Amino acid sequence: MRPPRAFTEVAPGRYRESRGLYYDEFDVGDVIEHRPGRTVTETDNVWMSLLSLNAHPLHIDAAYAEETEFGRPVVSSLVTLAIVGGMSTNGTSARAVANLGWDEIRLSAPVFVGDTLTAESEVVAKRLSRSRPGAGVVTFRTRGLKSDGTPVMVFTRSALIPCADGSGAA
């Protein structure tokens, strides 16, 4: 019996958790749900806003934000991208040789302190690498969602991922 994808058999009946999948284990159309979720805190928002020099008062000044259509501070999109992107890493690219790029980042709803985010990634394309034998490029479309299902973000990301046997034969 083959162990589940997330484990490597290290002895009969003994398994070790494995992080990530090989190129060969992804199929176009697969959807990976990334869990557990992550509740956004005020500290997340303030620290990332200051770290990234994004001092827009909508993110860090409650009195200012109270006078906007939102009525409270909106979490910086950099926080949302970091959480959703990080949340997706283990399931999509923990074995990656390289992250190749992010495309089409879209923000569809505001995120507020206290919102819990989850994510899901769909495999939208894959091909063997032309320049790196033994690896392939896998492209994912990742969606960030609030716990009530409201989509807050979507982006496309590609990663260079090794083949299981290193041969590049898929």
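**Entry 1: Asp115 and Lys146**

I looked up Asp115 and found that it is buried, because its relative accessible area is 17% (buried is under 20% relative accessible area, exposed over 50%, and partly exposed in between, with a 1.4 Å probe and protein chains only). Asp115 forms a salt bridge with Lys146, and the closest N and O atoms are 3.3 Å apart. I count a salt bridge when a side-chain nitrogen of Lys or Arg lies within 4 Å of a carboxyl oxygen of Asp or Glu. The pair links distant parts of the chain, 31 residues apart: Asp115 sits in the loop between β4 and β5 (116-128), and Lys146 in strand β6 (residues 135-146). Lys146 also counts as buried, since its relative accessibility is 15%.

I note that this is a predicted model, in which local features need pLDDT of at least 70, side-chain atom pairs count only at pLDDT 80 or more, and totals for chains, interfaces and linings use all residues. Residues are numbered from 1 along each chain as its sequence is written, and side-chain values use heavy atoms, with hydrogens and water left out.

**Entry 2: other salt bridges**

I find 4 salt bridges in the structure. One of them joins Glu120 and Arg143, with 3.1 Å between the closest N and O atoms. This pair also links distant parts of the chain, Glu120 in strand β5 and Arg143 in strand β6, 23 residues apart. Arg143 counts as partly exposed because its relative accessibility is 32%.

Another is formed by Glu33 and Arg35, whose closest N and O atoms are 3.9 Å apart. Glu33 is exposed at 55% relative accessibility, whereas Arg35 is partly exposed at 47%. I also checked the backbone at Arg35: a cis peptide bond joins it to Pro36, with omega about 5°. Pro36 is in strand β3.

**Entry 3: chain overview**

I list 4 helices and 7 strands. Helices (H or I, at least four residues) and strands (E, at least two) are DSSP runs, numbered from the N terminus. The order along the sequence is β-β-β-α-α-α-α-β-β-β-β. Along the principal axes, the C-alpha atoms fill a box of roughly 60 × 40 × 25 Å. The chain has 170 residues, of which 37% count as buried.

For contacts (heavy atoms within 4.5 Å), I took those with a separation of 6 or more: residues 24 or more positions apart account for 67% of them. The chain exposes about 9700 Å², and carbon and sulfur atoms supply 52% of that area. Accessible areas come from the Shrake-Rupley method with a 1.4 Å probe, and for residues only the protein chains shown count as cover.

**Entry 4: helix α1**

I asked which residues of helix α1 (residues 42-51) are buried. They are Asp44, Asn45 and Ser49. Seen down the axis of α1, the buried residues fall within an arc of 115°, so they line one face of the helix; the arc is that of the directions from the helix axis to the C-beta atoms. The cover over these buried residues includes β3 (31-39), α2 (57-60) and α4 (77-93). On the face turned away from the buried side I find the exposed residues Trp47, Leu50 and Leu51.

Leu53 follows α1 and belongs to the loop between α1 and α2. Its phi is near 65°, a positive value in a residue other than glycine. Leu53 is exposed, because its relative accessible area is 76%.

**Entry 5: strand β4**

Glu104 is in strand β4.

Trp102 lies in β4 (residues 98-107) and counts as partly exposed because its relative accessibility is 36%. With Ile105 and Leu107, Trp102 makes a nonpolar surface patch of about 270 Å². Patches are made of residues with over 30% relative accessible area and no salt bridge; like charges are joined within 9 Å, and nonpolar side chains (Val, Leu, Ile, Met, Phe, Trp, Tyr) within 5 Å.

I checked the pairing of strand β1 (residues 7-11) with strand β2 (residues 14-17): the sense is antiparallel, over 4 bridges. Two strands pair if DSSP finds at least two bridges between them. Glu9 stands opposite Tyr15 in β2, and Ala11 opposite Arg14. The hairpin has 2 residues between the strands, and Gly13 takes a positive phi near 75°.
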